[in-house]
Amino acid sequence: MIIVALVIGFGFLAVSQIKQLNKLAEYFYEHPFPVSNAAAEFRSDIAQMRIHMLRLAQSTNPTHINRLVEDVAVNNANAKRQLILIQNGFLGDMSRVKKTSSILAEWESLRSKIIPLVHANNNKQAINLAVTQGSDIYGRISEHINYVSDFAHNKALQFEREAHVESRFMINNLFWIMSLIVSLVIATGVYVMRLLFRHNQKMEREAHFDALTGLLNRQQFYVLSEQAMKHADRYQDPLTAIVLDIDHFKKINDSYGHNVGDEVLRRLSDVLQKLLRKSDIICRWGGEEFVVLMPKVGQEEAFNIAHA
C-alpha cells in the first residue's frame with residue numbers, strides 16, 4: 001500500500017511539474033519567441049524601406065520610381081503586420097511599442113512628402129528630406145525596436161532558466177522517489193523472505209518434531225534410525241533401542257485432565273533429553289510411548305540405562 005501511495009503521489013507531482021513546464025513552453029512560444037522574430041522582421045523591413053526611400057529620392061526614371069514606390073509600400077505594410085504581432089505578445093513596456101507605431105506613422109508621412117517631389121523632378125529636396133528626417137526617424141524607431149528585441153531575448157533566457165530549474169527539480173524528485181520505492185521494494189522483499197524462511201522452518205519442524213514434546217516424531221525417527229543402522233552395520237558398532245511408556249497414563253488423563261497429562265509428557269521429554277546423550281535419538285512414538293535409539297551402546301549398558 002505504501003508503494004502504491006508513493007507511485008500515485010509521484011504521478012500527481014510529475015503531472016503538476018509537466019504542466020508547469022508546458023506552461024513555460026507556451027509562454028515562450030506565445031511571447032518572447034514570436035516577439036523576437038517579429039522584431040527582427042520589423043527591423044529588416046525598416047532598413048529596406050530606408051534604402052528604398054533613398055533610392056526613390058534619387059531616381060528620375062518613372063518605371064524605377066513606380067517600382068520603388070511599390071517596394072516602400074510593401075515594406076511599410078510588412079512592418080505594420082510585424083508591429084501587430086509585437087503588440088499581441090510583448091510583455092514589457094507597451095508605451096515603447098506605441099511610440100514605435102507613432103514613429104512608423106511619421107515615416108508614412110515622410111513618404112507622402114517625398115513621392116510628389118520625385119514626380120515633380122525635385123530630387124534635391126526629396127534627397128534632403130530622406131537623408132535628414134529619414135535618418136532621424138530611422139534612428140528613433142531603431143532605438144525602440146532594439147529595446148523590444150532585447151527585452152524579448154532576455155525574457156526567453158528567463159523562461160529557459162525557469163524551465164531548467166523545473167526540469168532539474170522534477171529529475172531530483174524522480175530520483176529520490178524512485179530510490180525510496182526501490183528501498184521499500186528491497187525491504188519488503190527481505191521481510192517476505194524472512195517470513196518465508198520462518199514459515200519453512202516451522203513447517204520443517206512440524207514435519208520432523210512432535211508438537212507437544214519437541215522430540216522427533218515417528219516419521220523422522222524412521223529416517224534417522226535407518227541411517228544409524230547403516231552406520232552401525234558398516235562399522236560393526238553396537239546399536240540398541242529402548243521402548244518405554246508411562247504407567248497408568250490413562251488414569252492421569254481421566255483423573256486430572258488432558259492438560260496435566262500433556263505436562264507429564266513434556267516433563268518426561270525434558271528428563272530424557274537431560275539424561276541421554278546428544279547422539280541418542282529420542283522419539284515420541286505415539287501417546288505415552290517413547291523410543292530411544294542409542295548408537296555404540298550394547299545391550300547390557302542399555303539395560304542399565306533403562307533401569308536407572
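Analyst: Let's start with a word we will need throughout: two residues are in contact when they have heavy atoms within 4.5 Å of each other. In this protein, among contacts between residues at least 6 apart in sequence, 70% join residues at least 24 apart. Please keep in mind that this is a predicted model, where local features need pLDDT of at least 70 and side-chain atom pairs count only at pLDDT 80 or more, while totals for chains, interfaces and linings use all residues. Residues are numbered from 1 along each chain as its sequence is written, and side-chain values use heavy atoms, leaving out hydrogens and water.

User: Thanks! How many helices and strands does the secondary structure hold?

Analyst: Helices (H or I, at least four residues) and strands (E, at least two) are DSSP runs, numbered from the N terminus. Here there are nine helices and three strands. Along the sequence they follow the pattern α-α-α-α-α-α-β-α-α-β-β-α.

User: How do I read the packing of two helices, and at what angle do H3 and H4 pack?

Analyst: Two packed helices are described by the angle between their axes and by the distance between those axes. Axes are lines fitted to C-alpha atoms, for helices over the stretch in contact, and angles run from 0 to 180 degrees between N-to-C directions. For H3 and H4 the angle is about 170°, with the axes 11 Å apart. H3 is therefore roughly antiparallel to H4 (under 35 degrees is roughly parallel, over 145 roughly antiparallel, 65 to 115 roughly perpendicular and the rest oblique). Where they meet, H3 contributes residues including Ile65, Val69, Leu83 and Ile86, and H4 contributes residues including Val97, Leu104 and Ile115. The residues of this contact divide into 12 nonpolar, six polar and three charged. In that count, Ala, Val, Leu, Ile, Met, Phe, Trp, Tyr, Cys and Pro are nonpolar, Asp, Glu, Lys and Arg are charged, and the others, Gly among them, are polar.

User: And how closely do the axes of H7 and H8 come together?

Analyst: The axes of H7 (residues 249-256) and H8 (residues 258-275) come within 6 Å and cross at roughly 140°. These two helices are therefore oblique to each other. Phe249, Ile252, Asn253 and Tyr256 in H7 meet His258, Val260, Gly261, Val264 and Leu265 in H8. This contact has six nonpolar, three polar and no charged residues.

User: Which residues of the largest nonpolar core touch the most other members?

Analyst: In soluble globular proteins, nonpolar side chains tend to be buried together. Buried means under 20% relative accessible area, exposed over 50%, and partly exposed in between (1.4 Å probe, protein chains only). A nonpolar core is a set of buried Ala, Val, Leu, Ile, Met, Phe, Trp, Tyr and Cys residues joined through side-chain atoms within 4.5 Å. Of the 308 residues here, 29% count as buried. The largest core has 33 residues, and Phe42, Ile46, Ile86, Leu104, Ile114 and Val148 touch the most other members. H2 (32-58), H3 (62-89), H4 (94-119) and H5 (123-208) each supply at least two of its residues. Apart from it lies another core, of 13 residues, among them Ile242, Ile246, Val292 and Ala302. Back in the largest core, Val148 touches Val35, Ala39, Ile86, Phe90 and Val97, leaving aside its neighbours within four places in sequence.

User: How many aromatic pairs does the structure hold?

Analyst: Rings of Phe, Tyr and Trp (its six-membered ring) pair if their centres lie within 6.5 Å; planes under 30 degrees apart are stacked, over 60 edge-to-face and the rest tilted. The structure holds four such pairs. One joins Trp107 and Tyr138, with ring centres 6.2 Å apart and planes at 90°, so that pair is edge-to-face. Trp107 is in H4 and Tyr138 in H5, 31 residues apart. Another joins Phe221 and Trp285, whose centres are 5.9 Å apart with planes at 85°, so this pair is edge-to-face. Phe221 lies in H6 and Trp285 in strand S2 (residues 281-286), so the pair ties together parts 64 residues apart in sequence. Phe221 is buried at 7% relative accessible area, while Trp285 is partly exposed at 25%. Together with Tyr222, they form one aromatic cluster.

User: What is the phi of His248?

Analyst: Most residues other than glycine have a negative phi. For His248, phi is near 55°, a positive value. His248 sits in the loop between strand S1 (239-245) and H7, and is exposed at 61%. Lys296 has a positive phi too, near 60°. Its loop runs between strand S3 (289-295) and H9 (299-306), and Lys296 is exposed at 55%.
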